[in-house]
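Good morning, and thank you for coming. I shall present one protein structure, and I ask you to keep the display in view as I speak.

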Amino acid sequence: MIKAPGQRSAQVSSLANLVQTTGLSAGQEQANEVMDYIRSRTALADLDKGGSVETLFAHPDADFLSRYPMPFVKKTRESLFRYYLDMITVGLDHETGLVVLRVKGYAPKDAEGLNQRLLVLSENLVNALNERARDKQVSEAEKRVALAQQRVVKARAAMAGFRNDRALLDPAKQATGVLEVANKLVGEKAALQAQLTQMETQTPRNPAIPALRAKVAAMAQAEAGQTARAVGTTNGIASKLPNYEALYQEQEFAAQNLNAASAALETARSDATRQQYYLERVVEPAVPDEATLPHRLKTILTVLGASLCLYFVGWMFLVGILEHAPED
């Protein structure tokens with residue numbers, strides 16, 4: 001039986017279950033692959049390494065009409081394959097879900113050994129299919145992680161180049177800081193302007209007025225310079241913000257894509273281990289105690305009956321000829 005970890009044994013099938021069930025159950029697809037393999041030339045080639053199978057089928061104790069090669073049959077790979085198919089029987093028991101393998105041989109040890117070798121080869125096939133599916137699933141996930149890593153590296157390099165070329169670390173935060181300084185200068189200039197206005201009204205000849213005016217003008221110039229750094233010019237921080245935001249979004253998307261690809265890789269590795277199929281031997285091959293074939297009595301009676309039928313047919317044919325023969 002081909003099973004997966006955690007798979008429960010199938011319940012006894014009923015007509016309702018057969019009507020409601022669609023598709024292949026867990027392990028049934030792999031069971032079909034195993035059966036096709038056992039019936040294939042590949043299985044025969046794996047068994048016949050060193051010519052052992054041909055030697056078993058050409059057992060000297062077997063009669064010349066049954067052993068390989070049979071009379072009037074050439075000794076070829078194709079004839080050996082057809083003979084092999086006659087000596088093995090594999091099928092699915094739909095009631096129990098078991099794959100049943102039967103092997104015929106001319107000696108008890110030959111039949112038991114051939115069955116054991118076919119089971120080992122079937123287990124190797126299931127393991128190879130598991131390995132191939134696991135490697136394919138994990139390798140595809142690893143490729144997505146590698147692509148995501150390349151995207152992250154490219155996005156970070158583009159961001160670093162932008163910051164070095166524009167001498168900006170974070171335009172949004174820096175623009176906020178510049179505007180905060182500008183707003184502070186506006187408040188200080190407003191206070192100095194109010195003081196200057198009051199002084200010009202109350203004491204127009206105050207010798208401090210020229211110095212206060214110069215200070216107000218310097219404040220205005222500093223305010224204008226800070227505002228120009230943020231907005232209003234082609235070299236302002238605001239003009240560089242769209243490119244920064246595009247690079248920042250690309251970097252964030254690349255990082256999210258890498259996280260998703262890494263999570264998918266871990267999931268693929270976990271699924272590959274959890275969904276692994278394996279061949280479970282329910283009944284081990286045993287050395288037969290006595291031969292079940294050929295059915296000698298049945299064969300003798302069949303040949304005897306056929307011979308009697310042919311004899312009576314021939315006798316009646318001969319009698320008919322003699323009755324209708326001319327008397328002379």
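**Overall layout**

Of the 328 residues in the protein chain, 26% are buried, where buried means under 20% relative accessible area, exposed means over 50%, and partly exposed lies in between (1.4 Å probe, protein chains only). Please note that this is a predicted model, in which local features need pLDDT of at least 70 and side-chain atom pairs count only at pLDDT 80 or more, while totals for chains, interfaces and linings use all residues. Residues are numbered from 1 along each chain as its sequence is written, and side-chain values use heavy atoms, with hydrogens and water left out.

The protein chain contains 10 helices and 4 strands. These are DSSP runs numbered from the N terminus, with helices being H or I of at least four residues and strands being E of at least two. Read from the N terminus, the order is β-α-α-α-α-α-β-β-α-α-α-α-β-α.

Methionine 1 lies in the segment before β1 (2-3). Lysine 3 is buried, at 11%, whereas glutamate 280 is partly exposed, at 31%.

**The loop between α4 and α5**

What joins lysine 75 to glutamate 54? A salt bridge does, with the closest N and O atoms 2.9 Å apart. Lysine 75 lies in the loop between α4 and α5 and glutamate 54 in helix α4, so the pair ties together parts that are 21 residues apart in sequence.

The loop between α4 (52-57) and α5 also holds proline 69, and the peptide bond to it from tyrosine 68 is cis, with omega near -5°. Phenylalanine 72, in the loop between α4 and α5, has a positive phi of about 65° although it is not a glycine. As background, most residues other than glycine have a negative phi, and most peptide bonds are trans. Phenylalanine 72 counts as exposed, at 88% relative accessibility.

**Helix α5**

Glutamate 78 and arginine 82 form a salt bridge with their closest N and O atoms 3.8 Å apart. They are 4 residues apart in helix α5 and therefore separated by about one helical turn. Salt bridges that share partners join Arg41, Glu78 and Arg82 into one network.

Phenylalanine 312 is in helix α10 (residues 296-323) and is partly exposed, with a relative accessible area of 45%. Together with Leu297, Leu301, Leu304, Leu308, Tyr311, Trp315 and Met316, Phe312 makes a nonpolar surface patch of about 900 Å². Such patches take residues with over 30% relative accessible area and no salt bridge, joining like charges within 9 Å and nonpolar side chains (Val, Leu, Ile, Met, Phe, Trp, Tyr) within 5 Å. The areas come from the Shrake-Rupley method with a 1.4 Å probe, and for residues only the protein chains shown count as cover.

Technical notes
Salt bridge = Lys/Arg side-chain N within 4 Å of Asp/Glu carboxyl O.
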